[in-house]
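Student: Could you walk me through how some of the helices pack here, and then look at a few single residues with me?

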Amino acid sequence: MSSAIAIPSFTAYTGNRDPRVHISMQEQLQAAVSRYQKQVDYLELRLDQSESTSISFRGAQLDAIDRSFSLSGGIRACHKGGWSFVTFNGVEELNDRIEEAISQAKLVGTETTSLAPVETIQDYVKLEIKRDPRGVSLDEKRRIVEEYNRLLLEFDPRIQTTSASLGDRAGISYFVNSQGSCIVQEKLSISGGFGAIARGEGGIVRQGYESFYSRSDFNDVVGIEDRIRSAAERAIRQLEAKPVKGGQHTVVLDPYLAGVFIHEAFGHLSEADFVYENPRMQELLVLGKPLGIEQLNVVDDATIPGLPGSLKYDDEGVPAQRKYLIKDGILSQRLHSRETAGKMHEAPTGNARALNAAYPPIVRMTNTGIEAGEHTFEEMIKDIEEGVYAVRMLGGQTNGEMFTFSAAEGYNIRNGKIAEPVSDVTLSGNVFQTLKDIEAIGNDSVYLNGGCGKGGQMPLAVSVGGPHLRIKNVVVGGR
C-alpha cells in the first residue's frame, strides 16, 4: 500500500462511547484493504460522510424541514470476474462486511477479472467555497424559500398551487482500493426547484418549472426573483396556447430541450454497459461510423468547472475527462467503467458513478451536450414557412433508438417569425435518423442542471447542454 496522503483533520466516531476515541478514517480504510487485498482480484472501499438540510413548501403550506447527518459505505470485491457489493453504516462493522463481500465474490466468480488499467492516485480534493450553507441558519433558508414561493402564488390569480424546495448537502468522500489508490474529495451541492401550476378556462391545466444548482456558494440562491417568476410566466403563457397541428414539421429545439434530447436519446446509448449487453447496439454503434452531419459534435465533459456533473475523479478513482462521443459527425468514443473498458478493450473514461457510497458505481453520464455551431437563432428560423419551436421538456421516454418527448412550451414558426403559442407538443423519432436530419446548429450552447435515473439510482446530478437545433421531418403529435 502506498504511503498515506496528508488529509486535513476529519475524523469519525468508531463506535466507542468515549468521544475522545477517534482515529483517522483514511488510515482505517487503508488498513482494512491492506489486510484483505490478497484474498481477491480486486477490492475497494468507499465511504461518504455528509450533513444536509432541506426545506419545501407545497402551496401556501410548509411541507417539510429536515436536517440530517449520515455515514454510508460500500465495499466491492471481484474474484474471477464475479462481483459482490456490500454496504455498511458504521466503521466498527467494516471487517465483517469485507469478509462478507469477499465470500460472495468467490461464490459467483467463474471467469477472468478484466479491469482496464489505471494509474494509482493519492489525492485530496479541496473545495473552494464562497458562502458555506452550513453557516446559514435554517430560519434564513426557510425565509428564502417562503418568499420565492409567495412570488409564485401571488403572480396571477390563475396560479392554483406551487411547489418550492431548497436543499444543500456538504460532506467528504473516501475511496481506497487494493491497487494503491486513496482519494478523498470534499463535496458540496446546493439545489432548488420551483414549480407553478395554472388553471384556465375549461379546466385546462399548465405548469412551469425552474431549478438552480450551485457547487460553491449559497449566495447563488439569493436575488433570483426573476428566475423564480419565470416558472409562473411559462405556466400562464401556456394557458392561451392551442393544440399544435400534428404531422411532420421542421422543428427548432431550444438549448434545454436539445440538451435533454442528446442526453436521453443518444447519451444513454453511449453508456458501454448498455452496448456490451446489447448485440443490436454493438452493430449500430461501431466506433468510426458516421452518425450525423459533419458539423455535429457531442461531448461528455466532467471537467467543466461548477456544473452538477463535474468531478475530478469518478467513483472508481479514474480521473475525469472530456470525451467526444461524436466528433465531426463520426462516432468516436463511448462511456466506460473500468470493467466495460477492459471487456471491450477500450480506454476507461471516468464515467463510473454512484448516487452515494451505499450504491455500486455504474456507467453514467456527467455533463453531456452538443457543441455550439455557427448559426444565430434568427438565421435558423428565417426561411421556415411553417414549423414548430419546442422549448424545455415536460416528460418523455426512450426505447433503444426510438424516442418520444413532450415539450413544456411550444410556438408556431410562421414565415420566419415566432408566432402564437401551441400546446401538447410531442416529438417522436429514431435518434439515428434525427441526428442526420439536423439542418443547423446554433451558436449559443449553454448547460443546464438536471438529475438522471438509472439502475435504481435517482437523481444523479448531471448537466445537459446544447445550442438551438434545427431538425427537419420531425414527427410532431398534437391533441
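Student: Which hand does the crossing of α1 and α2 have?

Tutor: In this predicted model, the crossing of α1 and α2 is right-handed. The axes of α1, residues 25–36, and α2, residues 94–108, come within 11 Å and cross at roughly 40°. Since angles under 35 degrees count as roughly parallel and 65 to 115 as roughly perpendicular, α1 is therefore oblique to α2.

Student: And which residues in α1 and α2 meet?

Tutor: From α1 there are Q28, L29, A32, R35 and Y36, and these meet L94, N95, I98, E99 and I102 in α2. Sorted by class, the contact of α1 with α2 has 6 nonpolar, 2 polar and 2 charged residues.

Student: Why would residues three or four places apart point the same way in a helix?

Tutor: An α-helix has 3.6 residues a turn, so residues three or four places apart point the same way.

Student: OK, now α3 and α4. At what angle do they pack?

Tutor: Helix α3, residues 138–153, packs against helix α4, residues 225–239, at an angle of about 40°, and their axes are 9 Å apart. That makes α3 oblique to α4, and α3 passes α4 in a right-handed crossing. On the α3 side the contact is made by Y148, L151 and L152, while α4 brings E225, I228, R229, A231 and A232. By class, this contact of α3 with α4 has 6 nonpolar, no polar and 2 charged residues.

Student: What should the 15 residues of α4 span, and how far apart are the end C-alpha atoms?

Tutor: At 1.5 Å a residue, the 15 residues of α4 should span 21 Å, and the end C-alpha atoms are 22 Å apart, which agrees. The buried residues of α4 are I228, S230, A231, A232, R234, A235, I236, Q238 and L239.

Student: Switching to α5, how far apart are the end C-alpha atoms?

Tutor: Helix α5, residues 255–267, has 13 residues, but its end C-alpha atoms are only 16 Å apart, which is short of the 18 Å that a straight helix would reach at 1.5 Å a residue.

Student: And how many residues of α5 are buried?

Tutor: Of the 13 residues of α5, 11 are buried, so α5 is largely enclosed by the rest of the structure. Among them are L257, V260, F261, I262, H263 and F266.

Student: Which residues does T368 touch?

Tutor: T368 lies in strand β17, residues 367–370, and is buried, with a relative accessible area of 1%. Not counting residues up to four places away in sequence, T368 touches I262, V299, D300, L325, Y447, S463, V464 and G465. I262 is also one of the buried residues of α5.

Student: Last one: where is R199, and what is it in contact with?

Tutor: R199 is found in strand β8, residues 182–199, and is partly exposed, with a relative accessible area of 44%. Leaving aside neighbours within four places in sequence, R199 is in contact with R158, Q160, I204, V205 and L239. R199 and G259 are 60 residues apart in sequence and 29 Å apart in space, C-alpha to C-alpha.

Key. Residues numbered from 1 in each chain as written. Predicted model: local features only at pLDDT ≥ 70, side-chain atom pairs only at ≥ 80, totals over all residues. Heavy atoms only, no water. Axes fitted to C-alpha atoms, helices over the stretch in contact; angles between N-to-C directions. Helix = DSSP H or I, 4+ residues; strand = E, 2+ residues; numbered from the N terminus. Parallel < 35°, antiparallel > 145°, perpendicular 65-115°, else oblique. Left-handed = near helix turned anticlockwise from the far one by under 90°. Contact = heavy atoms within 4.5 Å. Nonpolar A, V, L, I, M, F, W, Y, C, P; charged D, E, K, R; others polar. Expected span 1.5 Å × (residues − 1). Buried < 20%, exposed > 50% of the residue type's maximum accessible area, 1.4 Å probe, protein only.
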